[in-house]
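Visitor: I've got the model loaded and I keep wondering where the labels come from. Can we go through a few of them together?

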2 protein chains.
Amino acid sequence: MHIPLDRDSSIPLYQQVQDYLRNHIQTGQLAPNMRLPATRRLAKDLGVSRITIQNAYANLESEGLITNREGSGSYVAPPVMMKTPVSQSSSSLPLWQQDLQIKTSKAQPPSHSPHPDLISFTGVGDPNQFPLKDFHKSIRAIFQQKGIEALAYGDFGAGYLPLRQTISHILASQGIQTHPENVLITTGSQQAIALVCQILLNPGDVVLVEKPTYNMALDLFRTLDLKIVGVPVDKDGMQVDRLEPLLQQHHPKLLYTIPNFQNPSGMCLSRERRRQLLTLAERYNVPILEDDFVGDLRYNGRSLPAIKALDPDGRVIYVGTFSKMLMPGLRVGYLVADGPVFDRLVKLKQVSDLTTSPLIQHTLNEYVSVGRYQAHLRRSVRLYHKRRDAMITAIEKHLPDVDIMSPQGGLFIWLRLPNSLSALALLPFASKEGVAYAPGSWFFPESSEGLSFLRLNFAVQTPEAIEEGIQRLGRAMAQWD
Amino acid sequence: MHIPLDRDSSIPLYQQVQDYLRNHIQTGQLAPNMRLPATRRLAKDLGVSRITIQNAYANLESEGLITNREGSGSYVAPPVMMKTPVSQSSSSLPLWQQDLQIKTSKAQPPSHSPHPDLISFTGVGDPNQFPLKDFHKSIRAIFQQKGIEALAYGDFGAGYLPLRQTISHILASQGIQTHPENVLITTGSQQAIALVCQILLNPGDVVLVEKPTYNMALDLFRTLDLKIVGVPVDKDGMQVDRLEPLLQQHHPKLLYTIPNFQNPSGMCLSRERRRQLLTLAERYNVPILEDDFVGDLRYNGRSLPAIKALDPDGRVIYVGTFSKMLMPGLRVGYLVADGPVFDRLVKLKQVSDLTTSPLIQHTLNEYVSVGRYQAHLRRSVRLYHKRRDAMITAIEKHLPDVDIMSPQGGLFIWLRLPNSLSALALLPFASKEGVAYAPGSWFFPESSEGLSFLRLNFAVQTPEAIEEGIQRLGRAMAQWD
């Protein structure tokens, strides 16, 4: 296969290869199920290093354009991946269904058998720290004291009022003044973000996000056909000084930000930038959606006021969750908003699913009220603090060539691989060595960005497993030298 | 106050009065907070009966246009009911919030103090029958056996696979052939309906519904700015022979139907009409959303096949729930769909709230698997059968002038009041006597329809309370003679 390459271009070679292949696959010049040249062979043909081709193939695989078959090489993917029952041929589908086929498909998981002792640096909190016993005690108390009330529809609308009071107390202790009347209980913070989008944006509207940002928010924005415009992040969070031209150019309908221990970068938006952000939001009439997913997990430094706490005018919608601090399986989050948008959000929540499980709402309120949540939080902070330190030490020891910025809290370390190494291409090697991470491209508006980054969760593993896992990552990387 | 009335018109007098007042309120000729004449006085002025004026006022109150202040009469409502904190004046709101104010508002609950011993015929199943002990046993089992797994994110996407298997077994026993791969777990059936609307309809699109139909579905359709077109119901369910001209005229994007023990009419769609419905759905390329909210609660007659069971081509999306048969506080429902629409629904569910509480999904699966659900269902059928009979007997005895159609199952009896008596106007009198019901107008696309109907839930009260409650309803009605 001949691929024309421009060695003087600023576009990296792997990207030129992948652009050429993508174009030829999408136009059908490379037909579905056609076998692609082996990476070694194509590298030799084009006079480039094998890593260049491996990077290009891995990225195309993540876009769903090519598939890797165990022991047999890479193939052009079938045009659409459908999951209809075998008995059903596409031709008998009703007409209205034929426009609904999902055109893109997700990357396949690696096809070799999983490592027997995988150390995964993905996920959120450490499942072994879930306060199962205490939470079960709270459930038992609810069954004994409330029973029927907790299993009826309850107060649909904004949620169980005592829990909303409890949340406004928690928030007050963090500097946000709010009333229970402005707190809406949601099914995790994901639902809060989705409701806000449904109220404020239409397909084609622009949402501004940090670059990188939370992958499931990006997934939501894409599913709603929004245009996503990214603002780069540095050690002080979103680069707010680059925001104004974007506001002028794109007229965004929403600005989505994670100011504390940002996912995935781990950085905090500085106090100065928080104020600037609010000023710009006012000047350009754009709502701010503040996602404070782990604001309580601080290990060093002084805590910063929430953007919502600096906003007297209802410009900020604040979103929080118990998934990360407590247990993701609860599916309880909340949002705080002022003004007419709050009433609209309550109404939309109500018609969307009536209410979040009253049993879980009652139990969670019981759990927090008797002081178990605060105790759990203190334990988590102590534990995750040590694990963060263990991971930074292990990285310095085993991965001398990578770049990281040390986070002051949260769950994540954001890591940049050396020599334009692609985290997607590294994934099968890491997997073989028995270590897993989240590739950086998941967190960018365009999946062709962030290829040399990866996200490590330091909270899910013990210090010993962290040391071993980072060592394994180093071994996987060594196979590229 | 002088209101011009046409006594020869086919428009009832109360409606002429209410149209006149609505018009003068909306144009501002009757100013906010202005006191309206007392019903007795206005009746005398216009030479009509007091009930005419009371009907008109009650209907306007339900539209949020007038409010009733205890002991002081009726007033024109303030133009917008906002619930912002007292400190916040509307002028300081950001610009983007000012378009979001909700224009309509809900009727106020009756302002007098509640009856000390209210017999309510609203709601779904009887809370005293919730299988609290058995369900708590299942939760305990899950904490002991699964613990962490049940409180992690679990299998997002379509939901906990063993529960989806269990649901496909339950459905198979009812004649629907499906695979777990085509079952999506949702937060109650409400979320299933909302997801389907988000995928298939845009604002302004037409949805066809039975008239009357489930009020929270209507509320959803209104919130999504859909146009709602109703097809009348008779003793065999939706009058399918009136459907074709509506399909030709309105090009609906969805047909929403409750074929079994319809909410609120209690009637079942006949077998013949189920087939006709499918034929029309094929001819006019319209998807059917089948809401089978209490299909299992049959007391007489033979069960009918689900419309989904008659559909080989993926034209029907079937929705079920555990809220009505078991406990509404669970918030677990599901949908069954074939073809690309299923993948789209899964994706939208995932970005909307990641997943429905894994703890509840695990517990519910445990509860059903060990046979507790089936036993509970048999008990419910025996119990509610008796209560339906008790309510029909009580109605025949105490309400000789009303019309009802006797339902073969479900939860509801749909009742028509005599002499154009408005169920809304009757509500405060019923409330004073100590009985509650759902006024018929809640279940119609236009709130000016169905005024003389009301819905009684026979499942929530004991036979003794049913006898007493219907007697009270009779006393409330007697005050209108």
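**Where the labels come from**

Guide: Let's start at the chain contact: it takes 67 residues from chain B and 67 residues from chain A. Keep in mind that this is a predicted model.

Visitor: What makes a residue part of that contact?

Guide: Its C-beta atom, placed from the backbone, has to lie within 7 Å of that of a residue it touches. On the side of chain B that touches chain A, the elements giving two or more residues include H5, H12 and H13 of chain B. H12(B) gives the most, with 9 residues.

Visitor: And how does the side of chain B that touches chain A divide into nonpolar, polar and charged?

Guide: You get 33 nonpolar, 23 polar and 11 charged residues there.

Visitor: What makes S4 and S7 of chain A edge strands?

Guide: The open sheet has 8 strands, in the order S4-S11-S10-S9-S8-S5-S6-S7 (chain A), with mixed pairing. S4 (183–186) and S7 (237–238) each have a single partner strand, so one side of each has no neighbour in the sheet.

Visitor: How do you know that S9(A) and S10(A) pair?

Guide: Pairing takes at least two bridges, and 4 bridges join S9 (residues 288–291) to S10 (residues 316–321) of chain A, so they pair. These two strands run parallel, and Asp291(A) sits opposite Val319(A) in S10(A). Helix H8 (residues 188–200) of chain A packs on the sheet, and its direction makes about 155 degrees with that of S10(A).

Visitor: Back in chain B, which way do H5(B) and H13(B) cross, left-handed or right-handed?

Guide: Right-handed. Helix H5 (residues 132–145) and helix H13 (residues 358–369) of chain B pack at about 115 degrees, with their axes 8 Å apart. Among the residues that meet are Phe135(B) and Ile139(B) in H5(B) and Leu359(B) and Tyr367(B) in H13(B). The contact divides into 6 nonpolar, 3 polar and 2 charged residues.

Methods:
Residues are numbered from 1 along each chain as its sequence is written. Chains are lettered from A and ligands numbered from 1 in the order in which they are written. This is a predicted model: local features need pLDDT of at least 70, side-chain atom pairs count only at pLDDT 80 or more; totals for chains, interfaces and linings use all residues. Two residues are in contact if their C-beta atoms, placed from the backbone, lie within 7 Å. Axes are lines fitted to C-alpha atoms, for helices over the stretch in contact, and angles run from 0 to 180 degrees between N-to-C directions. A crossing is left-handed if the near helix is turned anticlockwise from the far one by less than a right angle, and right-handed if clockwise. Ala, Val, Leu, Ile, Met, Phe, Trp, Tyr, Cys and Pro count as nonpolar, Asp, Glu, Lys and Arg as charged, and the others, Gly among them, as polar.
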